[in-house]
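Reader: I am new to reading models. Please take me through one, feature by feature.

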Amino acid sequence: MPENSVHNGALVGFCNPLLDVVARVDAGFLQKHGLKTHDATLATVDQTPLFKELVKTHEAKFLPGGSGQNTLRGAQLLLPADSTVFIGAVGQDSNADKLREAAQKAGLHTDYMVSPDKPTGTCVLLITDSGNSMVADLPETWDVVNKARVLYATGFFLAVSPETVRTVALHALENEHQTFALNVSAPSIVTSHTAALLETLPLTDILFGSSFETEALCAALGLPVDLHLLVRRLAGWSKRKSTSRLVVFTADDGIVVGSGDAETVSVYRFATTSSSAIVDLNGAGDAFVAGFLALMMQGRAVDECVEAGIWVRSLVVQQLGASYPDGVLSFEPQGLRPTAVVQIR
């Protein structure tokens, strides 16, 4: 990527814009609705009543959300004004108005397709003492795609519109100035949409993931469960563009990075936020990607991109829901370097 690839609309993201409903619940609520901690799923017909039930029976907080939109909101806070555009579909309803208002406040431009006959998507974020659970209820704009430097899609969007994701990825393949980035997003994306994910991987320049997806991905690729090995294999997976693929996975205590042109993976350890300061881990992965992409688009080295991602993540976990601090963020790198470089054969 050029040294500085930031201009108006330089980062374009694709995902499902959602209105997040955040509430603290007990384990019984999850069990009642067939949900598990540390997972993100699409609501079944039997689970859709939980949305209204939660608002009636619990103290709920409403936030503009959706994995891709969360990431772009965070990236915009580290980039010049008007650098980001988010594309997705909303209904013709009050929830869509709330999303537009919140995105505008965050400096994020949106290009929503309005579906008069379908409601705006919503996502329930259930917080428990043993972990969080997410369940979403989900119901093409091309000029901005042509202008973008980075095209970012999530596994959640891949699940509902694999054809769109593939079209966008092919567009980046045919345009050397563009980078296509994909986030695995959740174990359920791997298990339920394996073929779409593996078909998109050769078109992917940057792949983001987390340790939560390790077991599912290793099973899909026929590998032993080993995060370092997984990152190396994904980085070296066949690629249609001549440039090397970068793979970045987050774990509880560090970041693992692999590149297609190296037989090693780099491990970045970081001081975890004290448990007393953590309010909610929801959105932590999106926040990391926000910081990483924002610095990458400014031509910064991978070390600084990783450090920025860790820093933005640390800010978000001290908020309820995927919330960012008010105002523009100013990041100053402190010289983070890998704590280990692991040889993978």
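Reader: Which residues point one way from E1, and which the other way?

Author: Leu11 and Gly13 point one way from E1. Val12 and Phe14 point the other way. All four are buried, meaning under 20% relative accessible area with a 1.4 Å probe and protein chains only. A strand here is a DSSP run of E, at least two residues long, numbered from the N terminus. One caution: this is a predicted model, where local features need pLDDT of at least 70, side-chain atom pairs count only at pLDDT 80 or more, and totals for chains, interfaces and linings use all residues. Residues are numbered from 1 along each chain as its sequence is written, and side-chain values use heavy atoms, without hydrogens and water.

Reader: Which strands are joined to E1 by bridges?

Author: Strands of a sheet pair through backbone hydrogen bonds, either parallel or antiparallel. Pairing takes at least two DSSP bridges between two strands. E1 (residues 11–14) has four bridges to E5 (residues 84–91), and the two run parallel. Val12 is partnered with Val85, and Gly13 with Phe86. Four bridges also join E1 to E9 (residues 150–154), again in parallel. There, Leu11 has Val150 as its bridge partner.

Reader: What is the strand order of the open sheet?

Author: Its 10 strands follow the order E6-E5-E1-E9-E10-E11-E12-E13-E14-E15, with mixed pairing. E6 (109–115) and E15 (340–343) stand at the edges. Each has a single partner strand, so one side of each lacks a neighbour in the sheet.

Reader: Now a loop residue. Is Leu329 buried or exposed?

Author: Leu329 has 11% relative accessibility, so it counts as buried. Its place is in the loop between helix H13 (302–316) and E15. A helix is a DSSP run of H or I, at least four residues long.

Reader: Which residues is Leu329 in contact with, beyond its neighbours in sequence?

Author: Contact means heavy atoms within 4.5 Å. Leaving out neighbours within four places in sequence, Leu329 touches Leu77, Leu78, Trp311 and Leu315. Compare Val312: 17 residues from Leu329 in sequence, and 8.8 Å away in space, C-alpha to C-alpha.

Reader: Which element gives the most to the lining of the second largest pocket?

Author: A pocket is an open set of points on a 1 Å grid where a 1.4 Å probe fits, with protein on both sides within 12 Å along at least five of seven lines; lining residues have an atom within 4 Å of a point. E14 gives the most to this lining, with four residues.

How values were computed. Buried means under 20% relative accessible area, exposed over 50%, partly exposed in between (1.4 Å probe, protein chains only).
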